[in-house]
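Work through the exercises below with the sequence and the model side by side. Try each task by yourself before you read its solution.

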Amino acid sequence: MKACNTGFFMSPQNFSVNDGDGIRTIIFFAGCPLKCKWCANPESQSYNNCLVKEYSVEQILKIIERQEIFYRSSGGGVTFSGGEATLNPDILRELTNILYDRAINLAIETSGYFNFEEIKDILEKMDLIFVDIKHMDENKHIFFTGKSNRIILSNIKKMKGLNIPIVVRIPVIEGANVDDHNMAETAEFVKENIDNPKIELLPYHSFGDEKYEALGIEKPSRNFKAPSVDRLKELKKLIEKHGVEIVSYN
Amino acid sequence: MVTDRIEKIRQNYINSKPAISYERARIWTESHKKTEGEAIPIRRAKAFKDTCEQLKVQIFDGELIVGATGEFRKCGILTPEFSWTWVDREMDNFDKRVQDPYIMTDEQRKFVRENIFPYWKGKSLEEMFLAQLPEETARVAVDTGIVDNDSKWRQAVGEITPDYQDVLFKKGFGGIIREAQEHMRNLNDITAENIKKKEFYESVILTSEGIIILAHRYSEKAREMAQNEQDEIRKNELLKIAEICSRIPENPPVTFYEAMQLVWFTQVGGILSENPLALNVGRFDQFMYPYYKNDIEKGIMTKDEAQELIEALWLKLSEWVWTISANTAEFFAGYNQFQNLTVGGKTRDGKDATNELSYMALKATEKVKTHQPGLSVRIHQDCPGDFLDAVTNLVSKGTGFPAIHSDQAGYQMLINAGYKPEDARDWNNCGCVVPHFRKTGEWTSAVNINFTAALEYALNRGYSRITKGKIGLDEKDPKSFESYEEVEEAFYKQFDNLIRHSVISTLHAQRLHKELVPRPFLSSCIENCLSEGVDLVDAGAKYNLGPVLTGIGLAVTSNSLAVIKKLIFEEKAVSIETLIEAMDANWEGYEGLRQIALKVPKYGNDDDYVDDIAIKMANYYYNEGHKYKDINGNNFNTAFMGISNYLPTGKVVGATPCGRRAGEPLSEGVSPFAGSDTSTPLAALRSAAKLNQDVHSGGTLLNLRLNEELVKTKRGQRNLGNIIQAFFSLGAFHVQFNTISTETLRKAQENPENYKDLLVRVAGYSTQFVNLSRSMQDAIIARTAHESM
C-alpha cells in the first residue's frame, strides 16, 4: 500500500512498557474532543504548538520499523494514543491497516468519544482497547471534560460485540472522581457491559505541568491531587468486590 | 540469607584494606640466587616449588576452602621478576594513591629495598623491555595513554582458563607428574627440541610437586588446628579440610567439596606463579555439575551446603588482590583480578547447558555481593525463561552483574578465529568480555589503542594538545583540509601509525616473555602443553590466538568526525579554522559553537548518519589489525573492550569536535559517549549492534545504565530479558547494566562508610563503588541513566 497521508503528532515514544504488552511504541495523535481540566498532555489539545509536529505515514512507519525487533522478542507492538487517535480516522486507518498486515500487535488508548460506526473497522484490527471512564455522572463529566459521557458509555457497550479484550482506565483524581459512589458505579457499569471486565487505575500526576509552562498556558487547578496509596488500595478492593479485575501494566 | 560463617568472611572482605605481602617475592628471590645459570623454566619452577614449601600456611576463621597467597587475608603479592622499579617508585605512596591503595609498612619497604629489589636490578622483564623498545615506539607506547601495553611488561599475562574437564579433574597434579614422566621417557631422539621439551616436563613436575606439597602443608595445619579447637563443629570441619587437602589436588576429586578446593588451589598456584590478570575459572556450572549431582543424589551434601561452598569460593576469589602500578590501576580500576566465571549457554553438542549450578552461581553473587568472580552468562535464543528471569533479577539488584553475553556471537567469534565447532560451542569468558576457550593460549588484552588521539594528531599536525609533544606523524595545517574525505584520510593515516606501534610494542613484549617468563604451572593446566611438551609462552596450547588490540574512543571519534563532516563540509555552518581554534581554546569562548556541535547526531541514538562512521571505523580497524602477525605467526585480533581505560586515555586528549572538553573520559568499548545516548536504551542497543561485532574476536563491550524503576517488577525484568534477546538477535555480543539510581550513587559518594558493599559496573566488570577514585565515580554517574517512559 502506498502511504501518502500526513497528520499531526506529538513525538512518538519508543520503549514504552506501560501501555499494553511487551515493549511498545506509542503514537500520540494531536487533537482531542475533550478538554479535561487535569490533562497531562495539554499539547494534544491543538495542532498548532511547539510540541506537535507533522509526520507522514511513512515517517511514522520508519520509526516503528526500527523497533520491530523489540516487539518480536517481547510480544510488544504499537499503541495509538493521544490526544484522541480516532479524531483523525483517515491516517489512523491507514496506519492500522498497514501494521495489521505486518502482523504487529496493536492497541489503542481512547477517550471513547467517537462515532462508533465510522471507526469500527479500525477497532476490529486492535489486539487490545484501552478506554477511559472519567466520570459516571453526566453533569460532572461535562464540567470536568467539556463533553457529555453518553457517547462514551454507549460506545463501550457497543465494543463488547467486537470480541476484543478491553481495559477500562480510570484516571484517579482527588478532587474529581475519587468518591466511593462514582467508583462503585463505574465498576458496576464495567461489570455489566464488558466480558472479562478489567479496570486499570491510573493515579493522577502533575508531570504535565512542565508542558503547560512550555506552552505558556495556565496549569491545572491545585485542587487536583494524586490519591494516597491507602486510598488506591481501598478503591482496588471496592472495584474487585463488584467482580471486576484490577490490572496494571507497571 | 547467607550463613553466619559466610557473613563473617564477607564482613572481613568488605572492611579490610588490601595489604602487600613480600613473602612470595622473598622466597622467589632467594630461590633464584641458588639457581643462577640453570635453564630458565627450571629456575622458575624451582622458585615456585620453594614458595609452596616455605610460604606460611594460613587458615582463617571459619574458612571452608583454604589456601592463602600471603600472610594477610586480603593480600597482594609482588613479582619482581616482571617489574620491581614501579614498586620501588610507587610503594611509598601505596596507601595514599587514589585508585586501588594498598597497605605496606615501613619495615616491609625497607626489607624489599634491601633484600629483594637489588637482585632483580637489570634482570626484570620491564627493564629489558624498556632497554630494547625502539625510541620511536617508546615515545608513543610507554605510559602515554595513547598506546598502552604496560600490563604486558610490568605484569604477567594471565588470561588463561585452566582445563578442569580434561586435565585437572581427570588427572590431578599427581597424574600430571606421571604423565610428564611418561613423556620424558619417550623423548629418545637427541634434538634441541627434545631437550627443551625435557626441560618443560621437568619444570611441570617441579610445579606439580610444589602445589601438592602446599596442599599437604594445609592438611597438616588443619589437623594441628583441629587438635586445639574447642568447638566441636569447627573441629570436625578442620578435620574434613585436613582430609581433603591430603588428597587434593594430587588426586582427581571425588566430591563437590574436593572439586571446589581443587579449583581454589589451582587459582593459588596460578597467583603464586605469576600474579596473573584474568586467571579464569571458566564454565563452572558445567565442570562442577557431575560432582554436585552425585553428592546430592547420594546424600553426601545438601543443596544449602553446596550454596555455602560456592559463596566461600566467591569470597576466596575476592580476597586476593592483583598488585598493579598506578598506571595499570587507572586502566583496570577497582582491585579487579578479572577471574571470569561463566554459566549458562550451550553444551559441546549444542544443547541447553543451564543446570542448578547456573542458578546457584547467580544467587551467590546476589548474596555475597563480591566483585569476584567476574560472573558472566551466556544467553542463547532458546535459553530457558527461568534462567533469563534469574539473570535480569540479578541485574535489578544493581550489582552490575552478570555480564550478559550472546551465546551465538561468542561462538561465531571463535569460529572466525578458526576453532572447531564443538570447541567454539564450549567457550567461556576471559577477563571481562573476551570469548575464550580452555585449550587456548593468547594475550586477550595485549594493548589499548587511543582512537581519539589519532584524530587529534590528524587535526594538529601530529602534535598532542595536552603535552604539546609530537607523538603522531607529520600532517599538514588542519586549516588547509578541503574535504571531509581528506580529514578522514589524515585520521586513518595516524590511526595506522598507532596500530603499527602497538604491534611493535607487543612483539617486543612477546619475545621477552618467551625468553624470561615461561609458565610451567599454568601450562600444566592446559591439555596440549602437556601432551606436546611445549610451554604456553611457546604456543603450546591447542589454539594459539594472536594478541588482542583494544580500541578505545570509538564513539567520541565517530561523533567528532560527524561534526566535521556535517558542520564544516556539508552545511558549511562553521569554518575549519574556527573549529580548530575552539579545540585549541578547549571550547572556552566558543560555547555557542559547542552547543551546535552537541546537536549533531551522536553515536548511540540509532542515527545512521553517525553510526555509519562508527561502522566504517570498526571495519577498518579489523582489517588493519589483522594485517599483522604475532611472534607465533598468528594474526593480531581486534576488540572493543572496556576495562576502565576510557578515563586515562581521555586525560591525554584535548578538546574534541564532538563537544567533549579536554581531559574528559573517552568512550568505552562500543558504548556511547557518556550522556550522549539521549534517545532510549533500545536506540543505544541498535547503534551498538550495527557494528559487525562478531569479527572482533577479542570481544566487544556495551555498558548501559538503567533506571532501577524499570526492572523493579517481574514484568519489567522479563521485558529487559526480551530486550536482551532482541539485541543478541541483531548479532551483538555483550551488554551489562548498572541499575542503581543516581541518587544512591551520590549518597554513596557522600557517605562511603554506609555503602561499602555497593557494587557497580565499571566496564567489563563490577567493583565496589567506594573503591573507585572520585573521578571514576563521577564518570559512572555521568553515564546516561535511561529512564522508563
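Predicted model: local features only at pLDDT ≥ 70, side-chain atom pairs only at ≥ 80, totals over all residues.

Residues are numbered from 1 along each chain as its sequence is written, chains are lettered from A and ligands numbered from 1 in the order in which they are written, and side-chain values use heavy atoms, with hydrogens and water left out.

**Exercise 1.** Find out which strand pairs with strand 5 of chain B, and in which sense.

*Solution.* Begin with the terms: helices (H or I, at least four residues) and strands (E, at least two) are DSSP runs, numbered from the N terminus, and two strands pair if DSSP finds at least two bridges between them. Strand 5 of chain B covers residues 340–344, and five bridges link it in the parallel sense to strand 6 of chain B, residues 374–379. Within this pair, V343(B) is placed opposite V377(B).

Now look at S376(B), which belongs to strand 6 of chain B. S376(B) has a relative accessible area of 1% and is therefore buried (buried is under 20% relative accessible area, exposed over 50%, partly exposed in between, with a 1.4 Å probe and protein chains only). Leaving aside neighbours within four places in sequence, S376(B) is in contact (heavy atoms within 4.5 Å) with several residues, including T342(B), V343(B), A403(B) and C432(B).

**Exercise 2.** Describe the surroundings of strand 16 of chain B: which strands pair with this strand, and in which sense?

*Solution.* Strand 16 of chain B spans residues 734–738, and because five of its five residues are buried, the strand is largely enclosed by the rest of the structure. H734(B), Q736(B) and N738(B) point one way from this strand, whereas V735(B) and F737(B) point the other way. Strand 15 (residues 703–706) of chain B, by contrast, runs parallel to strand 16 and is joined to it by three bridges. From strand 15 the chain crosses through helix 29 (residues 714–729) to strand 16 of chain B, in a right-handed β-α-β crossover.

**Exercise 3.** Determine how many disulfides there are over all chains.

*Solution.* A disulfide is counted when two cysteine sulfur atoms lie within 2.5 Å, and by this rule the count over all chains is zero. As an example, C430(B) is in no disulfide, since the nearest cysteine sulfur, that of C432(B), is 8.3 Å away. C430(B) is buried, with a relative accessible area of 0%.

**Exercise 4.** Describe where chain A meets chain B, and name the three residues that supply 45% of the area chain A buries there.

*Solution.* First count the contacts: 17 residues of chain A touch 21 residues of chain B. Between them the two chains bury about 1700 Å², 59% of it on carbon and sulfur atoms (buried area is the accessible area, with a 1.4 Å probe, that two parts lose on being put together, summed over both). The three residues are F15(A), R66(A) and F70(A), which supply more of chain A's share than any other three. There are two salt bridges between chain A and chain B, a salt bridge being a side-chain nitrogen of Lys or Arg within 4 Å of a carboxyl oxygen of Asp or Glu. One salt bridge joins R66(A) to D606(B), with the closest N and O atoms 2.4 Å apart.

**Exercise 5.** Find the partner of E200(A) in a salt bridge, and state whether the two residues are buried or exposed.

*Solution.* E200(A) forms a salt bridge with R169(A), the closest N and O atoms being 2.9 Å apart. E200(A) lies in strand 9 (residues 198–203) and R169(A) in strand 8 (residues 166–172) of chain A, so the pair ties together parts that are 31 residues apart in sequence. Both E200(A) and R169(A) are buried.

Terms used:
Right-handed = clockwise from strand over helix to strand, strands pointing away.
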